[in-house]
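Thanks for coming, everyone. Let me put the model on the screen, and then I will walk you through the fold.

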Amino acid sequence: MKKTVLTSSPDETLEFGRKLGAVLKKGDVVAMDGDLGAGKTLMTRGICEGMGLDPEWVQSPTFTIVNEYVAEGKTPLFHFDTYRLSGEEDFLASGLDEYFYRDGVVVIEWAALIEPLLPEGALRINISGTGDQRTIELEFPEGRFDI
Ligand SMILES: Nc1ncnc2c1ncn2[C@@H]1O[C@H](COP(=O)(O)OP(=O)(O)OP(=O)(O)O)[C@@H](O)[C@H]1O
Ligand SMILES: [Mg+2]
């Protein structure tokens, strides 16, 4: 299933992220792509807030590949930025695929880098655009995400 969302400001992207975060469930994987500065981290911040977690925690994981956002009584969010990985072998060698089987939501920035490892049911998001305009393209299995 495909869906396209257009936003005209960072706030609108954040708001869409919140909506998405509110419907995500344990085991869901959100695989994001888009150029530098497209809005992947901003979208993740919205998702985090929509899941009832503190959006202030969301930073691009600069020195680590994954950040874990965890709070009592909430579904954890595992936030990946694979930018610094050399490829899927690197991901596997570090045992990071283990996160796909944990009781949380996984969000991946630069998901194309580990393309062959992405679970079949993943929600694919591509963000593109210039200035304040963004085109957010979503692709997911029929009936899987209530968005
Ligand atoms: N409509 C919009 N949606 C999202 N971001 C926008 C929009 N308009 C402008 N921006 C700006 O684009 C930037 C997005 O930055 P962000 O860190 O989220 O991108 P990113 O895709 O995570 O980049 P990187 O590849 O470096 O991790 C912010 O500076 C934000 O203010
Ligand atoms: Mg980022």
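One definition before anything else: two strands count as paired if DSSP finds at least two bridges between them. With that in hand, take E6 and E7: 5 bridges join them, and they run antiparallel. Please keep in mind that this is a predicted model.

Stay on that pair for a moment. Serine 128 stands opposite threonine 135 in E7. The hairpin of E6 and E7 has 5 residues between the strands. In that hairpin, glycine 129 takes a positive phi near 140 degrees.

Now the other pairing of E6 that I want to show. Strand E2, residues 29–33, is joined to E6 by 4 bridges, and here the two run parallel. Two positions to look at: valine 30 stands opposite leucine 123 in E6, and alanine 31 stands opposite arginine 124 in E6.

E6 also has two faces. Leu123, Ile125 and Ile127 make up the covered one. Arg124, Asn126 and Ser128 make up the uncovered one.

Zoom out to the whole sheet. It is open, it has 7 strands, and the order is E1-E7-E6-E2-E5-E4-E3. The pairing is mixed. What stands at the edges? Strand E1 (2–7) and strand E3 (66–69). Each has a single partner strand, so one side of each is left without a neighbour in the sheet. On average, neighbouring strands of this sheet are turned by 15 degrees against each other, direction ignored.

Next, the helices on the sheet. Helix H1, residues 10–23, packs on the sheet and touches E1 and strand E7 (134–139). The direction of H1 makes about 145 degrees with that of E1. Helix H2, residues 40–50, also packs on the sheet. H2 touches E2, E3, strand E4 (77–81), E5 and E6. Its direction makes about 165 degrees with that of E5.

How much of H2 is covered? Mostly: 10 of its 11 residues are buried. Among them are Lys40, Arg45 and Glu49, along with Leu42, Met43 and Ile47. The buried residues of H2 pack against H1, E2, E3, E4, E5 and E6. After H2 comes glycine 52, with a positive phi near 85 degrees.

On to the core. The largest nonpolar core has 32 residues. Those with the most contacts inside it are Val30, Ala31, Met32, Ile47, Leu77, Val107 and Ile108. Which elements each supply at least two residues of this core? H1, E2, H2, E4, E5 and E6. As background, nonpolar side chains tend to be buried together in soluble globular proteins.

Take leucine 77 as an example. Set aside its neighbours within four places in sequence. Leucine 77 is then in contact with Ile47, Cys48, Met51, Leu53, Tyr69, Gly104, Val105 and Val107.

Now the ligand. Ligand 1 is surrounded by 17 residues. The closest are Thr13, Gly39, Lys40, Thr41 and Leu42. H1 and H2 each supply at least two residues of this shell. By class, the shell has 4 nonpolar, 8 polar and 5 charged residues.

Leucine 96 and valine 66 are 30 residues apart in sequence and 8.6 Å apart in space, C-alpha to C-alpha.

Aspartate 103 is in the loop between helix H3 (88–93) and E5. Aspartate 103 is exposed, because it has 8 other C-beta atoms within 10 Å and the limit is 12 or fewer. Aspartate 103 and isoleucine 127 are 24 residues apart along the chain, and their C-alpha atoms are separated by 27 Å.

Finally, tryptophan 110. This residue lies in the loop between strand E5 (105–109) and strand E6 (123–128). Tryptophan 110 is partly exposed, with 18 other C-beta atoms within 10 Å. Most residues other than glycine have a negative phi. Tryptophan 110 is not a glycine, yet its phi is positive, about 65 degrees.

That is the tour. I am happy to go back to any view.

Note on methods:
Residues are numbered from 1 along each chain as its sequence is written. Chains are lettered from A and ligands numbered from 1 in the order in which they are written. This is a predicted model: local features need pLDDT of at least 70, side-chain atom pairs count only at pLDDT 80 or more; totals for chains, interfaces and linings use all residues. A residue is buried if 20 or more other C-beta atoms lie within 10 Å of its own, exposed if 12 or fewer, and partly exposed in between; C-beta atoms are placed from the backbone. Axes are lines fitted to C-alpha atoms, for helices over the stretch in contact, and angles run from 0 to 180 degrees between N-to-C directions. Two residues are in contact if their C-beta atoms, placed from the backbone, lie within 7 Å. A residue is near a molecule or strand if its C-beta atom, placed from the backbone, lies within 6 Å of it. Ala, Val, Leu, Ile, Met, Phe, Trp, Tyr, Cys and Pro count as nonpolar, Asp, Glu, Lys and Arg as charged, and the others, Gly among them, as polar. A nonpolar core is a set of buried Ala, Val, Leu, Ile, Met, Phe, Trp, Tyr and Cys residues joined through C-beta atoms within 7 Å.
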